[in-house]
Amino acid sequence: SHYFLGLPSAYLAANEIPGAAEGLANLSKKGQLYLVSMRPAQRLEFAKEWLSMRNALQYFSGFGIINRPDGAKKTKEQVCKELRLNGLIDDDERHLAGINIPEFRKILLKNGSDEKYNLPEDILLARSWAEIPALI
């Protein structure tokens with residue numbers, strides 16, 4: 001496995017999460033997808049290149065950046081509201097728990113995990129990308 005160490009080669013060599021590209025393709029048929037990221041702008045460019053190398057960049061309509069180049073910082077909730085998003089898929093429950101938007105789908109993706117999670121009722125659990133369309 002490769003880990004993101006802040007080096008371009010580490011970003012670009014990272015493996016795809018199993019089923020992610022197919023999951024993104026399927027979700028893009030249901031509506032517009034946006035990547036909402038806390039990554040600094042430079043690291044987001046590596047993420048875009050990584051997606052492009054795997055023919056997955058085409059599934060995104062745009063990007064929401066939380067850490068702005070001018071140093072301003074927004075919450076994921078603020079970015080989701082600005083983009084008028086209907087939901088968020090994240091692998092960190094903390095990023096979902098702070099979002100309070102009416103009728104907003106919050107999906108915690110724990111790909112391949114068989115752990116038991118005690119989640120608030122407004123956070124839905126997906127254990128694979130294949131499970132996500134049914135939760136939307």
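**Close-up of Leu85.** Apart from residues up to four places away in sequence, Leu85 touches Tyr34, Val36, Cys80 and Phe104 (contact: heavy atoms within 4.5 Å). The model shown is predicted, so that local features need pLDDT of at least 70 and side-chain atom pairs count only at pLDDT 80 or more, whereas totals for chains, interfaces and linings use all residues. Residues are numbered from 1 along each chain as its sequence is written, and side-chain values use heavy atoms, with hydrogens and water left out. Leu85 belongs to the loop between H4 and S3 (helices, H or I, of at least four residues and strands, E, of at least two are DSSP runs numbered from the N terminus). With a relative accessible area of 14%, Leu85 is buried (buried: under 20%; exposed: over 50%; partly exposed: in between; 1.4 Å probe, protein chains only). Gln32 is 53 residues away from Leu85 along the chain, yet the C-alpha atoms of the two are separated by 8.9 Å.

**Overview of the chain from which the close-ups are taken.** Six helices and five strands make up the secondary structure, in the sequence order α-α-β-α-β-α-β-α-β-β-α. Of the 136 residues in the chain, 35% are buried. Residues at least 24 apart in sequence account for 43% of the contacts between residues at least 6 apart. The chain exposes about 8600 Å², of which carbon and sulfur atoms supply 49% (Shrake-Rupley method, 1.4 Å probe; for residues, only the protein chains shown count as cover).

**Strand S1 and its pairing with S2.** Because four of its five residues are buried, S1 is largely enclosed by the rest of the structure. S1 and S2 run parallel and are joined by five bridges (strands pair if DSSP finds at least two bridges between them). Within this pairing, Leu33 stands opposite Phe60 in S2.

**Strand S3 and its pairing with S4.** Four bridges pair S3 with S4 in the parallel sense. Across from Asp90 stands Leu108 in S4.

**Lys76 in helix H4.** Lys76 is found in H4, which covers residues 76-82. Although charged by residue type (Asp, Glu, Lys and Arg count as charged; Ala, Val, Leu, Ile, Met, Phe, Trp, Tyr, Cys and Pro as nonpolar; the others, Gly among them, as polar), Lys76 counts as buried at 12% relative accessibility. Beyond its neighbours within four places in sequence, Lys76 is in contact with Val36, Met38, Ile66, Leu88, Asp90, His95 and Ile99.

**Helix H2 and the elements packed against it.** The buried residues of H2 are Ala20, Gly23, Leu24, Ala25 and Leu27. They pack against S1, S2 (60-65), S3 and H6 (132-135). Asn26 also lies in H2 but is partly exposed, with a relative accessible area of 33%. Asn26 and Trp129 are 103 residues apart in sequence, and their C-alpha atoms are 9.5 Å apart in space.

**The largest pocket.** This pocket has a volume of about 1700 Å³ (pocket: on a 1 Å grid over the protein atoms alone, an open set of points where a 1.4 Å probe fits, with protein on both sides within 12 Å along at least five of seven lines; lining residues have an atom within 4 Å of a point; grid points are joined across faces, edges and corners, and the volume is the space filled by probe spheres set on them). Of its 49 lining residues, Leu24, Leu35, Phe60, Ile89 and Trp129 lie nearest the centre. Two or more lining residues come from each of H2 (20-30), S1 (33-37), H3 (41-53), S3 (87-90) and S4 (105-109). By type, the lining divides into 27 nonpolar, 10 polar and 12 charged residues.

**Two loop residues with positive phi.** Asn55 is not a glycine, yet has a positive phi of about 55°. Asn55 lies in the loop between H3 and S2 and counts as exposed at 55% relative accessibility. Arg84 likewise has a positive phi of about 55° without being a glycine. The loop between H4 and S3 holds Arg84, which is exposed at 73% relative accessibility; Leu85, in that loop, is buried.
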